[in-house]
Amino acid sequence: MATIDQFKLTNNGGFVARIYCEYRDPSSNKWVQVKCTGDITLGCSKTVELGACGVPNGATVRLMAFVVSGADKTGAEEFTFQKGCNAIAQYKISGTTLINKLKYLGIFQPSNDNMAVTAAIADTLDEEEIPVMSIPRELTEEEWAGLEAAYKNGTYSQNGSNEPLN
């Protein structure tokens, strides 16, 4: 069982979602649900550290995507929560309130250089998924200089077209 300390949920659905965590209570062996985030609207993501939700260190955990006024989804994947291990289990939810799909994207392990992608995520990417280029990385000095110049001369646009803003 993989070890994580965070869940991340990206909402690509036409609804509001929230991250809930379910952990197995060792005394009763029953799943306990805890709310971890507020609203996540269409196109947004939230990441939550499970210890901040009250999940006990060492517990078996799984993600539950709570869909406001809709059908909730629980991830089939189970993990061991280990505070400070810096591993993020990432999910995407899409669809509508009543017909939605929760997809496990893999575990991301931040590194000193950039965000490293595990084999699990690389195997799940397809044309409908987030392009690999969207994974956060540090900009080079040249890229920072180019962005600064684009802001100063008015050619930077937030949609990435690099066309003038007027």
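**View 1. Contacts along the chain in the predicted model.** In this predicted model, 56% of the contacts between residues at least 6 apart in sequence join residues that are at least 24 apart. The chain has eleven strands and two helices, and, read along the sequence, they follow the pattern β-β-β-β-β-β-β-β-β-β-β-α-α. Of the 166 residues in the chain, 34% are buried, while the accessible surface comes to about 9700 Å², with 51% of that surface belonging to carbon and sulfur atoms.

**View 2. The aromatic pair of Y20 and F66.** The chain holds five aromatic pairs, and one of them, formed by Y20 and F66, is tilted, with 5.3 Å from centre to centre and 35° between the planes. This pair links distant parts of the chain, since Y20 belongs to strand β3 (residues 17-24) and F66 to strand β6 (residues 60-67), 46 residues apart. Y20 is buried, at a relative accessible area of 14%, whereas F66, at 22%, counts as partly exposed.

**View 3. The aromatic pair of F79 and Y104.** The rings of F79 and Y104 also form a tilted pair, with 5.9 Å between the centres and 50° between the planes. Because F79 lies in strand β8 (residues 79-81) and Y104 in strand β10 (residues 100-110), the pair ties together parts that are 25 residues apart in sequence. F79 is buried, with a relative accessible area of 2%, and Y104 is partly exposed, with 21%. Together with F7 and Y91, these two residues form one aromatic cluster.

**View 4. The charged end of R62 and the ring of W31.** Here the charged end of R62 sits over the ring of W31, at 3.8 Å from the centre of that ring.

Technical notes: Residues are numbered from 1 along each chain as its sequence is written. This is a predicted model: local features need pLDDT of at least 70, side-chain atom pairs count only at pLDDT 80 or more; totals for chains, interfaces and linings use all residues. Side-chain values use heavy atoms; hydrogens and water are left out. Helices (H or I, at least four residues) and strands (E, at least two) are DSSP runs, numbered from the N terminus. Buried means under 20% relative accessible area, exposed over 50%, partly exposed in between (1.4 Å probe, protein chains only). Contact means heavy atoms within 4.5 Å. Accessible areas come from the Shrake-Rupley method with a 1.4 Å probe; for residues, only the protein chains shown count as cover. Rings of Phe, Tyr and Trp (its six-membered ring) pair if their centres lie within 6.5 Å; planes under 30 degrees apart count as stacked, over 60 as edge-to-face and the rest as tilted. A charge sits over a ring if NZ of Lys or CZ of Arg is within 6 Å of the ring centre and within 35 degrees of the ring normal.
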